[in-house]
Amino acid sequence: MSWIGVCDAEQVQEDFPYSGRVDGKEIGIYLVDGEYYALEDICPHAYALLSQGFVEDGKVECPLHEAVFDLKTGQCLHGPGGRNLQRYPVRVEGNQIQITFIEESVA
């Protein structure tokens, strides 16, 4: 498994996720209850960065059309999302948040 450095841990806050492009993919890194989660950052309904949406109670709401996704699982909870988000394994090495592109399916 190949791990890729995305950002420093202090760049991610509960209310302010990190958004970045990693190997051509838009990735959002979220902090929920002391744990980091990595999800695709583009809403499947229409192009919008989810990391720029409203983050609260372990969920993110798309800034355009109010689709809501669970940050721990990527599951589309309601709205026009159309499908669950891809999520990616995360680890913290030192102060660096790393991900791998082995996509985890959402139950």
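Me: Helices (H or I, at least four residues) and strands (E, at least two) are DSSP runs, numbered from the N terminus. What places Asp23 in a loop?

Reply: This is a predicted model, in which local features need pLDDT of at least 70 and side-chain atom pairs count only at pLDDT 80 or more, whereas totals for chains, interfaces and linings use all residues. Residues are numbered from 1 along each chain as its sequence is written, and side-chain values use heavy atoms, with hydrogens and water left out. Strand S2 covers 18–22 and strand S3 covers 25–32, and Asp23 lies in the loop between them.

Me: Why is Asp23 called exposed?

Reply: Exposed means over 50% relative accessible area, buried means under 20%, and partly exposed lies in between (1.4 Å probe, protein chains only). Asp23 has a relative accessible area of 63%, so the residue is exposed. Its phi is near 50 degrees, a positive value in a residue other than glycine. Most residues other than glycine have a negative phi.

Me: What makes Glu66 exposed?

Reply: The relative accessible area of Glu66 is 52%, so Glu66 counts as exposed. Glu66 is found in the loop between strand S6 (59–61) and strand S7 (68–70), and its phi, near 65 degrees, is positive in a residue other than glycine.

Me: What makes S4 and S9 a pair?

Reply: Two strands pair if DSSP finds at least two bridges between them. Strand S4 (residues 35–40) and S9 have two bridges, in the antiparallel sense. Leu39 stands opposite Arg87 in S9.

Me: Why do S2 and S9 stand at the edges of their sheet?

Reply: The order of this open sheet of four strands is S2-S3-S4-S9, with antiparallel pairing. S2 and strand S9 (87–88) have a single partner strand each, so one side of each lacks a neighbour in the sheet.

Me: Which residues touch the most other members of the largest nonpolar core?

Reply: A nonpolar core is a set of buried Ala, Val, Leu, Ile, Met, Phe, Trp, Tyr and Cys residues joined through side-chain atoms within 4.5 Å. The largest one has 15 residues, of which Tyr30, Cys43, Leu50, Val60, Cys62, Phe69 and Leu71 touch the most other members. S3 and S4 are the elements that give two or more residues to this core. A second, separate core has 13 residues, including Val22, Ile27, Leu31 and Ala38.
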